[in-house]
Amino acid sequence: MTKMTTEQQRAAGKSHLNYFREVLKRDGDDAKLELHADHMRALLASATPDKR
């Protein structure tokens with residue numbers, strides 16, 4: 001697997017968050033997800049301020 005850049009991880013993290021919203025809307029309090037390390041890295045990158 002190719003290592004993602006920080007920008008790619010940020011974009012993926014935002015995409016994951018949108019998916020989480022969809023799952024919560026669909027399943028409500030019964031919503032469940034399994035996160036892998038790549039998902040966690042992407043979410044952290046999307047939540048980390050850009051240092052430019």
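Let's start with Arg10, which is found in helix H1, spanning residues 6-27; helices here are DSSP runs of H or I with at least four residues, numbered from the N terminus, while strands are E runs of at least two. Keep in mind that this is a predicted model, where local features need pLDDT of at least 70 and side-chain atom pairs count only at pLDDT 80 or more, although totals for chains, interfaces and linings use all residues. Residues are numbered from 1 along each chain as its sequence is written, and side-chain values use heavy atoms, with hydrogens and water left out.

Is Arg10 buried or exposed? Arg10 is buried, because its relative accessible area is 11%, and buried means under 20%, exposed over 50%, and partly exposed in between (1.4 Å probe, protein chains only). Apart from its neighbours within four places in sequence, Arg10 is in contact with Ala45, Ser46, Thr48, Pro49 and Asp50, contact meaning heavy atoms within 4.5 Å.

Now take a look at Ser46, in helix H2. Leaving out its neighbours within four places in sequence, Ser46 is in contact with Arg10, Gly13, Lys14 and Leu17. A polar atom of the Ser46 side chain also lies 2.8 Å from the backbone oxygen of Leu43.

Next, the surface. Met40 is in helix H2, which covers residues 37-47, and Met40 counts as partly exposed because its relative accessibility is 42%. Together, Tyr19, Leu33, Leu35 and Met40 make a nonpolar surface patch of about 360 Å². Patches are made of residues with over 30% relative accessible area and no salt bridge; like charges are joined within 9 Å, and nonpolar side chains (Val, Leu, Ile, Met, Phe, Trp, Tyr) within 5 Å. A salt bridge is a side-chain nitrogen of Lys or Arg within 4 Å of a carboxyl oxygen of Asp or Glu.

Last stop: Arg26, found in helix H1. Arg26 is exposed, because its relative accessible area is 58%. Its C-alpha atom and that of Leu44, 18 residues apart along the chain, are separated by 24 Å.

Definitions and conventions. Areas by Shrake-Rupley, 256 points an atom, 1.4 Å probe, with all protein chains shown as cover. Polar contact = N/O pair within 3.5 Å; in protein donor to acceptor, adjacent residues only side chain to side chain.
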